[in-house]
Amino acid sequence: MNATELDHVLFFRQRDTYEQAMNALWATHGPSESFTNATRAWRLQQIPDKAAFLARIEDYAQHGAPDPRPIRQTDEDIPNAFDCATKQSGEKRIAMFRNSGWAIHLDDYAAAVHAPGTQTILELATGAGMGTYAVLNQLPAQSSLISMDFDFICTQNAIGIAKALGVEERVAALCANHWFMPFCDGLFSTVCTHYGLDESCEVPAVLAEIARVLRPGGQFVVQTRMNPWHRQGSRLAQWTITEAEAPAILRQARLYAGPDDLIETAATCGLSLTSRKNYTPEDSHHRALMTFEKTNH
């Protein structure tokens, strides 16, 4: 709807209330600027100032935990899911991705995912499917992909893209949470995510799960924003949080706080950085492509 991982942190004691409020506002305003303004006003009614905001961050840091439930779909969502799973939908997405001039990193991302020895790939956060497309467009004959998202509709983007590329027999989609992965230990040779950690709650828990499901010597490939402000700034500014203050606050809330924090946290889970490449396009956010190896831990 219009919820982000920061909203899940701020309203973790009001999850049902938050969801009901957003659904009611959506029913009234639909996808419009008035909906954005109405949701902003609702948040500020609940959290009126910076002090109240910081109190909620502290409360979550002490008592919060990830919601084990995937996103609950509605009657209106199911037709959208089936539409996303069609070859025609996949073709439209691929055409859009190929025309995205800012996506200068996609070839490097795919090459990192398809390093020698890669066979069974787990993708976290299908989302719109840009990272999925990059991986599937160069999928080696011996490799297969499971694409996972906590939103069922998003998972079906992977199916549509796979059909459009003719590799659907080697692609599966799964709706599940990244901090409670339904897989045995050491199952995957590669785990990858294209901006998924930027948009995830409980980043330390996700990294621990990634390490658990990777086989020894397996790799984790992640594309992220260099500066988390480019994801969170519009939300944080509602409570006069500055860009300089943001990383410490996000780290406290166990959200993505930048590449260096990610590298440090990954190391505590047995994921050792093996490569990093930064991209600094003039007309888009700066980004980092990082590869980690699972070491004995």
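Ile210 is in contact (heavy atoms within 4.5 Å) with Leu124, Met181, Val191, Phe220 and Leu271, leaving aside neighbours within four places in sequence. The model is predicted: local features need pLDDT of at least 70, side-chain atom pairs count only at pLDDT 80 or more, and totals for chains, interfaces and linings use all residues. Residues are numbered from 1 along each chain as its sequence is written, and side-chain values use heavy atoms, without hydrogens and water.

**Nonpolar cores**
- A nonpolar core is a set of buried Ala, Val, Leu, Ile, Met, Phe, Trp, Tyr and Cys residues joined through side-chain atoms within 4.5 Å; buried means under 20% relative accessible area (1.4 Å probe, protein chains only).
- The largest core has 28 residues, of which Leu122, Val191, Leu207, Ile210, Phe220 and Leu271 touch the most other members.
- Helix α10 gives the largest share of this core, 6 residues.
- Another core, of 26 residues, lies apart from it and includes Val9, Phe35, Ala253 and Ala257.

**Aromatic pairs**
- Rings of Phe, Tyr and Trp (its six-membered ring) pair if their centres lie within 6.5 Å; planes under 30 degrees apart count as stacked, over 60 as edge-to-face and the rest as tilted.
- The count comes to 10 aromatic pairs.
- Phe12 and Tyr60 pair edge-to-face, at 5.1 Å centre to centre and 85° between the planes.
- Phe12 lies in the loop between α1 (5-10) and α2 (15-29) and Tyr60 in helix α4 (residues 50-63), so the pair ties together parts 48 residues apart in sequence.
- Both Phe12 and Tyr60 are buried.
- Ring pairs link Phe11, Tyr18 and Trp42 into a cluster.

Key
Buried means under 20% relative accessible area, exposed over 50%, partly exposed in between (1.4 Å probe, protein chains only). Helices (H or I, at least four residues) and strands (E, at least two) are DSSP runs, numbered from the N terminus.
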